[in-house]
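This report covers a protein–RNA complex, starting with the protein surface that faces the RNA and ending with the confidence scores.

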Amino acid sequence: MHIEPSIHNLRGMSDILPHETQLWRYMDNTLSTLLTTYGYSEIRLPLLESSALFERSIGAATELVEKEMYCFDDRNGMSITLRPEGTAGCMRARTQHGLHDNRLWYHGPMFRYERPQQGRMRQFHQLGVETFGMPDADIDAELIALNYRMWQQLGVDAQLTLQLNSIGNQHTRENYCAQLVQWIRDQAITLHPTDEARLTANPLRILDSKDTAMQKLLHDAPQITDFLDDDSRSHFDQLRHILDNASIRYRINPYLVRGLDYYNRTVFEWTTTHLGAQGAVSAGGRYDGLAAQLGGGDVCACGFAIGLDRLYLLLKQHIELHNVPHIYTVVFGDDIFAHAMAQIEQIRTAHPELSIVMHCGDGSLKSQLKKADKSGAILALIIGQNEMTAREMTVRELRTEKSTQHTVSDAHIAQWLNDYFIRHPFGNTIHKKLLQ
RNA sequence: GUGAGCGUAGCUCAGAUGGUAGAGCACAGGAUUGUGGCUCCUGCGGUCGGGGGUUCGAUUCCCCUCGCUCACCCCA
């Protein structure tokens, strides 16, 4: 079949296909359950917000706002934007509704107009966790511990490294930036064009330059940790103390900065070397000034966001999930289906936990058994003219080495299945396979 | 936004210095009148990403375009 190119999916907006959704749900369920056990409440937010929200919160001079947002005028001429991240919207909702919940989370698609590559898409998915009104490092530590437990529970903790830094307050950064720029100028070397541009636009971003010469140079440059104000320093020390006690390992990375303007003090990132150029799987920090910036008063805040597509890629390297039914029902012959479905519905009522696929449509016994086999089902329930007349079913075992069949009356089938699955505990329908 | 490499069957890929295409897997049917997995046979399936140019003739050469992938950049 030929499909016009114009009705393909948009660039960077990919479908999540049936063979992938099982692992996505496993990931989502694991994370949301954990968030509940830590006392966090879910909030569901709109995908569209006024453009002004993002310009004011993220920072008008950032790359993200300047070039990567999906902005449109709605029918009234108002500028609206597909959310490029979740923090701003979450903060807006909390302020607007006067919420007192201080632990929130959300998840869903975000949109940034970028060139797609591994782990980076135009529509991508984030799970964000935000906390409010807690000024001390205890909550910073809790968030990191929660995040770490997520990795452990999903079995990807070995692939991730926690990078930690403090970028102090605004004063710290202004002082530091001035010193850094001066120091680089003093080196009297020619810079890479992008670094030259950053030096004037956003000097902090020079710190994550990929230019090896620059990286080497930065080794001797002044470090932001030496510029921290007393409060930021003790906050940072307290955080490290808690993490050390909790045996959560981290790497102090004085070059770790944020692309978004609203961060202060703690910044952290979990990175991996298993995903090509996109190493950050989750990132976060403290953003004490954002609420005031959005007219929400003096409410400090701390949070992080997970790049779910990247986490999925990581997870996929270790786990394979298959959704297989317990039973595939083979129905063949004229006018058998109505009888068969009535029987199967009774089984479903008696055993709601069993997953049962009914064969619909034509197909010989042979071809239906082939489908039963392909489905991965443990048992085939065969219902034909003979069975209907005799008020019984033929049960065929599909996963034993030499297949055996049983004839079971309609009246006893529910009990028979119950006994069978007790004797043969195949676990739940999700077969998890750990890959080496 | 910049650069590089790719687009041939549902999937993974072959192929021709220009003469309109193949394999494996998958799917359907059969060998086996009511029995899956192994084997064998047969069948279905392609405007060779799209448009234009050169040519008697383009899937092959040229130009444009769209899409994919990776990296820069940016970031989760």
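In this predicted model, the surface near RNA strand B is made up of 21 charged, 17 polar and 12 nonpolar residues. Arg 205, Asn 386, Glu 387, Ser 403 and Gln 405 come nearest among the 50 residues around RNA strand B.

| Protein residue | Protein atom | Atom of RNA strand B | Distance |
|---|---|---|---|
| Arg 120 | side-chain N or O | base nitrogen | 2.6 Å |
| Glu 114 | side-chain N or O | base oxygen | 2.9 Å |
| Ser 282 | polar backbone atom | sugar or linking oxygen | 3.5 Å |

Elements that give two or more residues to this surface are helix 3 (63–68), helix 13 (365–375) and helix 14 (385–390), together with strand 6 (123–132), strand 10 (280–286) and strand 16 (392–397). Helix 13 provides the largest share, with 8 residues.

Confidence is reported for the complex and for the protein chain. For the complex, the predictor gives a pTM of 0.90 and an ipTM of 0.84. Chain A has an average pLDDT of 89, and 95% of its residues score at least 70. The pLDDT falls below 50 over residues 1–6, a stretch with 1 contact in the model beyond near neighbours in sequence. Residues 428–436 also have pLDDT below 50, and this stretch has 26 contacts beyond near neighbours in sequence. Where pLDDT is low, predicted coordinates should not be read in detail.

Technical notes:
Residues numbered from 1 in each chain as written. Chains lettered and ligands numbered in written order. Predicted model: local features only at pLDDT ≥ 70, side-chain atom pairs only at ≥ 80, totals over all residues. Heavy atoms only, no water. pLDDT = per-residue confidence, 0-100. Contact = heavy atoms within 4.5 Å. Near = heavy atom within 4 Å. Polar contact = N/O pair within 3.5 Å; in protein donor to acceptor, adjacent residues only side chain to side chain. Helix = DSSP H or I, 4+ residues; strand = E, 2+ residues; numbered from the N terminus. Nonpolar A, V, L, I, M, F, W, Y, C, P; charged D, E, K, R; others polar.
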